[in-house]
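Colleague: Could you walk me through this one? I would like to begin with a helix and its surroundings, then move to the chain as a whole.

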Amino acid sequence: GNLQNFSAVRKFRELTNLSTFDLFGFGADDIPTPEQVPELRWFWMTSLPETEAKAAKQIWKGKPGMDLRITKPRKPEWLAQNLDNPFRGWDGAEHIPAAAAKKAANQYRKTRSQLMKLATQPSENAQALEAVAAYTQTFNKMGFIETEERDEIYMALRGILDALPGDTLQKDSLIEKFEELRDF
């Protein structure tokens, strides 16, 4: 998500623990300093913009008694490609191979792009069905998929379909094709 007014954390002078995951939209100037939150002893930030990650490390590095963990700094290119990608959480997950995370993100972008284009053209449901079939087959080849991933895959497709302009494509038939082909 995008975090607004992160600088307001400075007002919590007795704050002892602070952890964020997959939060963006704040600047290096918003990160609280040891002087502003003097009781902070545990500060973890995972998956955040690269510039802000560097700033957090520099601000807090060397503070006695601090449990500092700043991980998965995200480059601007990564943010541009993944901020709205529902599979970005797969990147770096312990049980998901890096290649599979990359494939999932790429397939999502490809399917979204194809369906958005097809939604503006009359009578393109056959090509849309092919796009959904390719999407589904990509995930059928992944052996680690359990309940949570299954839900994420479905919800990602549902999100694409819900974002399509107009009613040119038969969305129900696309979901039916997904359900028919999936074996995870």
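Predicted model: local features only at pLDDT ≥ 70, side-chain atom pairs only at ≥ 80, totals over all residues.

Colleague: What about H3, how many residues does it have and how far does it reach?

Modeller: H3 has 22 residues, and from its first C-alpha to its last it reaches 32 Å, close to the 32 Å expected at 1.5 Å a residue.

Colleague: Which residues of H3 are buried, and what covers them?

Modeller: The buried residues of H3 are Ala100, Ala101, Ala104, Ala105, Gln107, Tyr108, Thr111, Leu115, Leu118 and Ala119. The elements that cover them include helix H2 (76-82), H4 and helix H5 (147-163).

Colleague: At what angle do H3 and H4 pack?

Modeller: Helix H3 (residues 98-119) and helix H4 (residues 125-140) pack at about 170°, and their axes are 10 Å apart. Because angles over 145 degrees count as roughly antiparallel, H3 is roughly antiparallel to H4.

Colleague: Which residues make that contact?

Modeller: From H3 the contact is made by Lys103, Ala104, Gln107, Tyr108, Thr111, Gln114, Leu115 and Leu118, and from H4 by Gln127, Ala128, Ala131, Val132, Ala134, Tyr135, Thr138 and Phe139. Sorted by class, the contact of H3 with H4 has 10 nonpolar, 5 polar and 1 charged residues.

Colleague: Changing topic, what pattern does the chain follow along the sequence?

Modeller: Read along the sequence, the pattern is β-β-α-β-α-α-α-α-α, and the secondary structure comes to 6 helices and 3 strands. The radius of gyration of the chain is 21 Å, well over the 16 Å that the globule rule gives for 184 residues, so the chain is more spread out than a compact globule.

Colleague: How does that look as a box, and what share of the residues is buried?

Modeller: Taken along the principal axes, the C-alpha atoms fill a box of roughly 65 × 35 × 25 Å, while buried residues make up 40% of the 184 residues. Among contacts between residues at least 6 apart in sequence, 65% join residues at least 24 apart.

Colleague: Now the backbone, what is the phi of Asn5, and where does Asn5 lie?

Modeller: Asn5 has a positive phi of about 60° although it is not a glycine, and Asn5 lies in the segment before strand E1 (17-21). With 62% relative accessibility, Asn5 counts as exposed.

Colleague: And what about Lys72?

Modeller: Lys72 also is not a glycine and has a positive phi of about 55°, but Lys72 is found in strand E3 and is partly exposed, with a relative accessible area of 26%.

Colleague: Last one: where is Pro64, and is Pro64 buried or exposed?

Modeller: Pro64 lies in the loop between helix H1 (50-60) and strand E3 (67-74), and at 69% relative accessibility Pro64 counts as exposed because the cut-off for that is over 50%. Pro64 and Arg41 are 23 residues apart in sequence, and their C-alpha atoms are 8.7 Å apart in space.

Methods:
Residues numbered from 1 in each chain as written. Heavy atoms only, no water. Axes fitted to C-alpha atoms, helices over the stretch in contact; angles between N-to-C directions. Helix = DSSP H or I, 4+ residues; strand = E, 2+ residues; numbered from the N terminus. Parallel < 35°, antiparallel > 145°, perpendicular 65-115°, else oblique. Contact = heavy atoms within 4.5 Å. Nonpolar A, V, L, I, M, F, W, Y, C, P; charged D, E, K, R; others polar. Expected span 1.5 Å × (residues − 1). Buried < 20%, exposed > 50% of the residue type's maximum accessible area, 1.4 Å probe, protein only. Rg over C-alpha atoms; globule rule 2.2 N^0.38 Å.
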